[in-house]
Amino acid sequence: MSTTFLHVDFAFNGPWGPALAEACRELAADIATEPGLRWKLRGEDAAGGRASGEYLFDSLEQAERYLAK
């Protein structure tokens, strides 16, 4: 079985920590319904003003469809 790992890194001005989790609750619920998504992690670098998302999809096509969204 083949899977695809997707890493997205972007400039972000906060909020951070628990405030970010609360602010993104609805977005996280929507992402969880993406076809083929196995898991997602989020990363934060408050000092550097960056955030990231790491995703594992069942296929390249599903990862590309999510990235285009």
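A: The buried residues of helix H3 are covered by elements that include E1, helix H2 (25–31) and E3. Here contact means heavy atoms within 4.5 Å. Helices (H or I, at least four residues) and strands (E, at least two) are DSSP runs, numbered from the N terminus. This is a predicted model, in which local features need pLDDT of at least 70 and side-chain atom pairs count only at pLDDT 80 or more, while totals for chains, interfaces and linings use all residues. Residues are numbered from 1 along each chain as its sequence is written, and side-chain values use heavy atoms, with hydrogens and water left out.

Which residues of H3 are buried? They are Gln 62, Ala 63 and Tyr 66. Because they cover an arc of only 100° around the axis, they sit on the same side of H3. That arc is taken from the directions that lead from the helix axis to the C-beta atoms. The other side of H3 carries the exposed residues Glu 61, Arg 65, Leu 67 and Ala 68. Buried means under 20% relative accessible area, exposed over 50%, and partly exposed in between (1.4 Å probe, protein chains only).

H3 lies across E1 and E3, and runs at about 20° to E1. Axes are lines fitted to C-alpha atoms, for helices over the stretch in contact, and angles run from 0 to 180 degrees between N-to-C directions.

Now look at the core. The largest nonpolar core has 7 residues: Leu 6, Ile 31, Leu 37, Tyr 55, Phe 57, Ala 63 and Tyr 66.

With neighbours within four places in sequence left aside, Ala 63 is in contact with Thr 4, Leu 6 and Phe 57. Thr 4 belongs to strand E1. Is Thr 4 buried or exposed? Thr 4 is buried, because its relative accessible area is 14%. Residues up to four places away aside, Thr 4 touches Tyr 55, Leu 56, Phe 57, Ser 59, Leu 60 and Ala 63. The side chain of Thr 4 also reaches the backbone nitrogen of Leu 60, at 3.0 Å. A polar contact is a pair of N or O atoms within 3.5 Å; within protein, one must be able to donate a hydrogen and the other to accept it, and residues adjacent in sequence count only if both atoms are side-chain atoms.

Next comes the sheet. It is open, has 3 strands in the order E1-E3-E2, and is paired antiparallel. E1 and strand E2 (37–45) stand at the edges with a single partner strand each, so one side of each has no neighbour in the sheet. From one strand to the next, the twist averages 15°. Two strands pair if DSSP finds at least two bridges between them. E1 and E3 pair over 8 antiparallel bridges. Phe 5 stands opposite Leu 56 in E3. E2 and E3 also pair in the antiparallel sense, over 8 bridges. There, Glu 44 has Ala 51 of E3 as its bridge partner. E2 and E3 form a hairpin with 4 residues between them, and Gly 49 in the turn has a positive phi of about 65°.

Ser 52 is in strand E3. Ser 52 counts as buried because its relative accessibility is 12%. Neighbours within four places aside, Ser 52 is in contact with His 7, Val 8, Asp 9, Phe 10, Leu 41, Arg 42 and Gly 43.

Two loops are left. Pro 15 is in the loop between strand E1 (4–11) and helix H1 (18–23). A cis peptide bond joins Gly 14 and Pro 15, with omega about 15°. Most peptide bonds are trans. Thr 33 is found in the loop between H2 and E2. Thr 33 is exposed, because its relative accessibility is 57%. A polar atom of the Thr 33 side chain lies 2.6 Å from the backbone oxygen of Asp 30.

Last, the whole chain. It has 3 helices and 3 strands, which run β-α-α-β-β-α from the N terminus on. Of its 69 residues, 26% count as buried.

Note on methods: A nonpolar core is a set of buried Ala, Val, Leu, Ile, Met, Phe, Trp, Tyr and Cys residues joined through side-chain atoms within 4.5 Å.
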